[in-house]
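My entries follow in the order in which I looked things up.

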Amino acid sequence: MRVALLSSEVVPFAKTGGLADVAGALPKALREHDRDAVVILPHYDQIDRGFLTDKVIENVPVEWRGGVRPTRVWQSDAAGAPGYLIEAPEYFSRPSIYGYGDDHERFAFFSRATLALCKHLDWQPDIIHGNDWPCGFAVIELRARRRYDSFYQPTRTLFSIHNIAYQGAFDRRDLWWLGFGDPPERDDFMFKGAASALKAGLIAADALTTVSRRYAEEVQTPEQGYGLDWLLRARRNRFVGVTNGVDYDIWNPETDPHIAANFSAEDLAGKRECKLDLLRRFGLPQEPDRPIIAIVSRLVAQKGYDLIRQAAGAILDTGSFFIALGAGDKEYEDFLQRWHDSAPQRVGIYKGYAGEPLAHQIEAGADMFLMPSLYEPCGLNQMYSMRYATVPIVRATGGLDDTVENFDPERGAGNGFKFYPYTTSALLEKIREALYFYGKPEAWTQMQRNGMTMDNSWSAAAKKYLEIYEEILKSPT
Ligand code: ADP
Ligand code: GLC
C-alpha cells in the first residue's frame with residue numbers, strides 16, 4: 001500500500017505545534033508496518049540545512065495560474081520515511097510558516113505540487129492523507145481529478161482534522177484562478193460567504209478522522225463545531241477519532257540527549273538533576289523541594305491562558321515556581337512578561353518558539369504540567385509529560401479527557417488531575433489537590449510511575465490508520 005501524507009509542518013524540518021510531531025511520526029510508524037509511506041511538505045527557508053541532502057528532483061511540472069511552473073523538490077529521509085520538500089521561494093521563503101494574506105494561494109500551490117510530484121515520479125498513491133486546511137486543496141483536487149485523470153482514478157483520500165477552528169478562509173473570487181471555479185468544487189468550498197479550504201476537504205475526502213475520540217464527538221456539536229458540526233454529523237459514518245501517539249524515539253527520558261540526566265520508571269534519580277538544571281536555565285533559585293508547575297504551548301486562547309492570567313496571583317500563593325514557554329498572541333506574551341517582572345524569583349518565562357531542546361528540558365525538570373485548555377483536539381504535551389514523570393493537570397476536554405485519568409489514592413490508579421468547568425476556581429482546586437499529593441511522596445511516585453509506564457506509542461494508532469485506509473480502498477467513492 002502506498003500512502004502519501006501531506007502536511008504543512010513536519011518534525012524535524014518545520015514545526016509550530018503538534019501537527020508537526022504527528023506528521024513526523026506517522027509515516028515512520030506506517031513504514032514499520034511495512035507500508036510504503038512518504039511525507040510531503042513545503043521547503044521553507046527556516047529548515048535546518050543539516051536535515052537536507054543534495055538529492056533534488058528538478059522540473060516537476062506544476063500546472064499553475066494558466067501555465068506550468070517547473071518546480072524543484074528536495075528529498076530527505078530525516079523524518080524516518082522518504083520525505084519530499086516542495087520548493088517555491090515566492091511562497092515559502094518567508095520569516096514564518098503561516099500568517100500571510102496569501103496563505104490560501106501558498107498552500108493551494110503546495111497541494112497541487114504534491115499531486116504533480118507523485119505523477120512525475122510515476123508513484124501512484126493508494127491513499128493521499130491530508131492534514132488540516134492547508135491540505136484541503138489537495139483532497140478536493142484529487143476528487144476532481146478522478147473524473148479526468150486516469151492516474152489518480154484508484155487513489156482515495158483521508159482528511160484529518162487537527163484543529164477545526166483553523167478553517168483556511170479566503171476570498172471566494174480567488175477560487176477561479178486557483179482552478180476551483182466550477183461546480184461542484186466551487187460550492188463545496190463555500191462557507192459563511194467566503195471560501196474555506198477546510199470545508200472543501202471535509203466534503204471531498206473519502207473518509208475523515210480527527211485526533212481523539214472525544215474531540216470527534218465534540219466537533220459534531222454546535223458549541224465546538226465552529227459552524228461545521230452539521231457536516232460532520234452528516235458524514236459521521238465516515239468519521240472517527242484516532243488518538244495521536246508519542247514518538248518514543250524522540251520523547252524518552254531514558255535516552256533523551258537534550259536533558260541534564262537520563263532517568264526511567266525504575267530509577268527516577270536523574271529527574272532531580274533535570275529540575276536543578278531547569279531552575280538554572282530560567283534563572284530561578286536552586287530550591288529543588290519547591291514544586292515547579294510548567295506550561296509549553298502556543299500562546300492562544302485555546303490553551304486556557306485567560307484562566308492562567310486570572311489565577312496567576314493565587315498560583316504563586318501556593319508556593320510553587322511557574323515556568324512558561326510559549327509563542328503567540330501579544331496580549332499573553334505581555335501578561336507573561338508582567339507576571340515574571342512581578343515575581344522574578346518565582347516565575348520563569350521564555351517567549352518565542354524555542355525548538356526541541358528547551359521543550360524537552362521543561363518536560364524533564366518540571367513536577368507538574370498545566371494544560372487548562374478551552375478545547376484540545378488531542379494534545380501531546382500531557383502524554384510527553386507522563387513519560388517524563390511530570391504529572392499533568394488538565395481540563396477535561398478533547399484528547400486531554402481521553403488520555404488523563406484522575407489520580408485515585410485508594411486504588412493507587414490514575415496518571416494526573418483533570419478539572420471540568422472552564423473556571424479559575426476549578427483550575428485552582430485541581431492545582432491545590434495536585435500539590436497536596438506532591439507532599440505525599442509515596443502517592444506521587446506511584447502516579448509518576450503510572451504515567452511513565454503507559455503505552456501511548458504510535459504503533460497502535462498507525463494500525464488504526466491502516467484499518468481506515470483499507471476500509472476506504474474497499475468502499476466505492
Ligand atoms: P498544539 O499542536 O495545539 O500546539 P500539542 O500539545 O499537540 O498542541 O503540541 C504542541 C507541540 O509544540 C509540543 O511538541 C510542544 O513541545 C511544542 N511547542 C509548543 N510551543 C512551543 C515553543 N514555544 N517552543 C518549543 N516548542 C513548543
Ligand atoms: C493541533 C491540536 C492539538 C493536537 C495537534 C496534533 O494543533 O491543537 O491538540 O495535539 O494538532 O494532532
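**Entry 1: salt bridges**

I noted at the start that this is a predicted model. I ran the search over the whole structure and got 40 salt bridges. I then picked a few to look at.

I began with Lys15 and Asp21. Their closest N and O atoms are 2.7 Å apart, and the pair forms a salt bridge. Is Lys15 buried or exposed? I found a relative accessible area of 18% for Lys15. The cut-off for buried is under 20%, so Lys15 counts as buried. Asp21 is at 12% relative accessibility, so Asp21 is buried as well.

Next I took Arg145 and Asp149. Here the closest N and O atoms are 2.9 Å apart, again in a salt bridge. Both residues are buried. Arg112, Lys119, Glu141, Arg145 and Asp149 are linked in a network of salt bridges.

I then checked Arg214 and Glu217. They form a salt bridge with closest N and O atoms 3.6 Å apart. Where do Arg214 and Glu217 lie? Both are in helix α8, residues 213-218. They sit three residues apart, about one turn of the helix. Arg214 has 27% relative accessibility and counts as partly exposed, because the range for that label runs between 20% and 50%. Glu217 has a relative accessible area of 49% and is also partly exposed.

**Entry 2: ligand 2**

I listed the residues around ligand 2 and got 14. Which of them come nearest? They are His162, Asn244, Glu376, Cys378 and Gly379.

I looked at polar contacts next. A polar side-chain atom of Glu376 is 2.5 Å from an oxygen atom of ligand 2. Gln302 also places a polar side-chain atom by an oxygen atom of the ligand, at 3.1 Å. Gly379 uses its backbone instead: an N or O atom there lies 2.8 Å from a ligand oxygen atom. I then computed the cover. On its own, ligand 2 has 310 Å² of accessible area, and the protein covers 93% of it.

I sorted the shell by residue class: six nonpolar, six polar and two charged. Helix α1, residues 18-32, gives the largest share of this shell, with three residues. By domain, at least three residues come from each of domain 1 (2-245 + 459-474) and domain 2 (269-454).

**Entry 3: ligand 1**

How many residues surround ligand 1? I counted 23, and the closest are Lys15, Gly18, Asp21, Arg298 and Lys303. Lys15 and Asp21 are the salt-bridge partners I had noted in the first entry.

A backbone N or O atom of Ala354 lies 3.0 Å from a nitrogen atom of ligand 1. Leu380 has a backbone N or O atom 3.0 Å from an oxygen atom of the ligand. In the side chain of Asn381, an N or O atom is 3.4 Å from a ligand oxygen atom. Taken alone, ligand 1 exposes 570 Å², and the protein buries 94% of that.

Which elements give two or more residues to this shell? They are α1, β13 (292-299), β14 (321-328) and α14 (381-387). By class, the shell has nine nonpolar, nine polar and five charged residues. Domain 1 and domain 2 each supply at least three residues to the shell around ligand 1.

Technical notes: Residues numbered from 1 in each chain as written. Chains lettered and ligands numbered in written order. Predicted model: local features only at pLDDT ≥ 70, side-chain atom pairs only at ≥ 80, totals over all residues. Heavy atoms only, no water. Salt bridge = Lys/Arg side-chain N within 4 Å of Asp/Glu carboxyl O. Buried < 20%, exposed > 50% of the residue type's maximum accessible area, 1.4 Å probe, protein only. Helix = DSSP H or I, 4+ residues; strand = E, 2+ residues; numbered from the N terminus. Near = heavy atom within 4 Å. Polar contact = N/O pair within 3.5 Å; in protein donor to acceptor, adjacent residues only side chain to side chain. Areas by Shrake-Rupley, 256 points an atom, 1.4 Å probe, with all protein chains shown as cover. Nonpolar A, V, L, I, M, F, W, Y, C, P; charged D, E, K, R; others polar. Domains from an automatic or database assignment.
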